[in-house]
Amino acid sequence: MNINDKKYQEFRKREKRKKINNLFQNLLLTFFVLLFAFPIYWIFIGAFKQKGEFFHYPPIFLVNQFRIDNFIRSLSLGGSKGVADSIIVACISTVLVVILALFAGYGLGRFKFGGQNLSFFILSLLFLPPIIAVLPLFIIFRYLAIVDTYLALIWSYFLVNLPFAIWLIKGFIEDLPEEIEYAALVDGYSRFRAFWKVTFPLIIPGVVVSALFVFVFAWNEFLFALMFTRSNVRTLPVVLSELIGGHGIQWGELSALSLIAIIPGVLLVVFFQKYLVRGLTFGAIKG
Amino acid sequence: MNYLIGRNRFARSITLPSVIILALTVIGPFGFLLISSFFDWSLTVPAPPRFVWFYNFGLVLKDTRFLNALKNTSILMIAGIITQSLLGFIIALLLNRNFKLKKLAITILALPIMITPVVLGFNWRIIYHEHFGPLNYVIRFLGGAGSSWIADSKLALFSIFLVDTWQWTPFVTLILLAGLQSIPRQVYEAADVDGATSWQTFWRVTLPLLRPMFVLVVLFRTIWIFKIFDPVYILTGGGPGIATETLSLYTYVSWVKYWRVGYTSALGIFQLIIMNIIATIFVRIVMKRRGT
């Protein structure tokens, strides 16, 4: 082939343009990634800053040493209570929600129990502004004298987490054909054993993903925790918000506690990215 | 069909526990909401609740603070949906190529979605800080003057919008990226064979095929922004004044500051109605598109 061939020249030109185009797109993407990563980086770095380093101009973008003073002090500022209560509430809530949702999701997904109406009713609960539920729930909790108890939080978290988990698990069950259970049923298995031995092992990934989402939702939840607790129960977001609103904000301690608070969410994104879209769209996109 | 016996009974017995719990958590309270909205009832006044027909609803409609909250929520919604869809789509297009570190890029971008809302509120307060915040530093570095962001009543709502956009644009990106990746290669090959330019392919093939994803994005963002509470509470608390008060925040204030049961119930009912209207419009749009 002749180097001076016109077609070859054109081809080279096009390749060059493609390369420049690609480079430009890479740069643009890098810019966006850095832009979105920066606030997270700021949380991380803040946890290791000393007091004076927050009130410094120009702002300090790098720290030389990773000291854990902030973490230790934050734990004594109510942080340890916050972490413990968040773990208790999130764990109990997750276990209860997943067990209930596993069966309800199976009932709705496999047997179409209650038809479309029941399914849509459950879905619609996810769209409710939670603030609307705060008032009546508060009055009911006060009447039952369970304000400021774990029970109040665990109960109120059903409102969002149970419909969420039911829909997610229902989606995973609908992915499986009913026929896979027939053999077991013909062999004389009970309905429950057929479900437990055949279907359940196949949807374990879905159950795990639902559990993780529910855990993170309960862990991050703020509004209900703010309204239904006082001093007996203080989840991490409530502790944080009080430190933020208090006099003389303790930036370092707050940042350290913030870093602890975002761990579950970050882990979920890093290790279960594959299911993120599916979870966040309540199963509408299988991803 | 032996194995079909007991099907319904079994289905009922495994589904009912959840349904009962949801009913207890939802129907009871919302029935209460509906009833109490007809009463003049405050927890700070010793007088017993008094039945006042639609008095509370009239109060809500005449309440400038409610209208202000409705306006703020609508602004956040419209600005947020437009910006996040556009920006999210651009990033999704940039990600929809083959390159090294693609997974890493997606992971980093997805992080904001799952960050504890209270934490990001606090974190952005530092970023927005008038004197020591990195944002003003960058602006001054570029020759600008910087501003007080959340403390400036003109910029406060914009600041909230920025935080919401930072957190939720990645969500839009993930959905649209999933959409882009689900378009089969053959469709593009067919367009190529037919001699379509890349521009034509984009407008005639990619965009129409992504339409359901965009509908989903708009639906989810509408619902989420409609109930926005945490970032606003932490960043501005609705202030300065009532410049950033959203519907959820005003409902909260009207409840914890004044303990007006009847009035707050009416506020809640109004939000239910608005949400219902939005949902209905959406269902109509989606159905219509599918019908044609």
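In this predicted model, chains A and B meet in a contact that takes 79 residues from chain A and 76 residues from chain B. On the chain A side, helix 1 (residues 6-46) supplies the largest share, 13 residues. The residues of chain A that touch chain B divide into 65 nonpolar, 13 polar and one charged.

Two helix pairs across this contact were examined. Two packed helices are described by the angle between their axes and the distance between the axes. In one pair, helix 3 (residues 69-111) of chain A packs on helix 1 (residues 7-36) of chain B. The angle is about 135°, and the axes lie 8 Å apart. Helix 3 of chain A contributes A:Leu100, A:Ala101, A:Phe103, A:Ala104, A:Tyr106, A:Gly107, A:Leu108 and A:Phe111. Helix 1 of chain B answers with B:Arg7, B:Ala11, B:Ile14, B:Thr15, B:Pro17, B:Ser18 and B:Ile21. By class, the residues of this contact are 11 nonpolar, three polar and one charged.

The other pair joins helix 1 of chain A to helix 3 (residues 64-95) of chain B. Here the angle is about 125°, with the axes 10 Å apart. Helix 1 of chain A is therefore oblique to helix 3 of chain B. The crossing of helix 1 of chain A and helix 3 of chain B is left-handed. From helix 1 of chain A come A:Gln25, A:Leu28, A:Leu29 and A:Phe32. They meet B:Ile91, B:Leu94 and B:Leu95 in helix 3 of chain B. This contact holds six nonpolar residues, one polar and no charged.

Helix 1 of chain A also holds A:Asn26. A:Asn26 has 16 C-beta neighbours inside 10 Å and so counts as partly exposed. A:Asn26 and A:Ile169 are 143 residues apart in sequence. Their C-alpha atoms are 38 Å apart in space.

The domain assignment divides chain A into domain 1 (6-35) and domain 2 (69-280). Taken over C-alpha atoms, the centres of domain 1 and domain 2 of chain A are separated by 45 Å.

Helix 5 (130-143) of chain A includes A:Pro136. A:Pro136 is buried, because 24 other C-beta atoms lie within 10 Å and the cut-off for burial is 20 or more. Apart from neighbours within four places in sequence, A:Pro136 is in contact with B:Pro29, B:Phe30, B:Phe32 and B:Leu33.

A loop lies between helix 5 (130-143) and helix 6 (150-174) of chain A. Both A:Ala145 and A:Asp148 are found in this loop. Most residues other than glycine have a negative phi. A:Ala145, in contrast, has a positive phi, near 55°. A:Asp148 is not a glycine, yet its phi is also positive, at about 70°. A:Ala145 has 9 C-beta neighbours inside 10 Å and so counts as exposed. A:Asp148 has 17 other C-beta atoms within 10 Å and is therefore partly exposed.

In chain B, B:Asn56 sits in helix 2 (residues 55-62). B:Asn56 is buried, because 25 other C-beta atoms lie within 10 Å. Not counting residues up to four places away in sequence, B:Asn56 touches B:Ser37, B:Gly262, B:Tyr263 and B:Ala266. B:Asn56 and B:Ala11 are 45 residues apart along the chain. Their C-alpha atoms are separated by 43 Å. B:Ala11 is one of the residues through which helix 1 of chain B contacts helix 3 of chain A.

B:Gly241 lies in the loop between helix 10 (230-235) and helix 11 (247-256) of chain B. With 11 C-beta neighbours inside 10 Å, B:Gly241 counts as exposed, because the cut-off for exposure is 12 or fewer. B:Gly241 and B:Gln167 are 74 residues apart along the chain, with 25 Å between their C-alpha atoms.

Definitions and conventions
Residues numbered from 1 in each chain as written. Chains lettered and ligands numbered in written order. Predicted model: local features only at pLDDT ≥ 70, side-chain atom pairs only at ≥ 80, totals over all residues. Domains from an automatic or database assignment. Axes fitted to C-alpha atoms, helices over the stretch in contact; angles between N-to-C directions. Helix = DSSP H or I, 4+ residues; strand = E, 2+ residues; numbered from the N terminus. Contact = placed C-beta atoms within 7 Å. Nonpolar A, V, L, I, M, F, W, Y, C, P; charged D, E, K, R; others polar. Parallel < 35°, antiparallel > 145°, perpendicular 65-115°, else oblique. Left-handed = near helix turned anticlockwise from the far one by under 90°.
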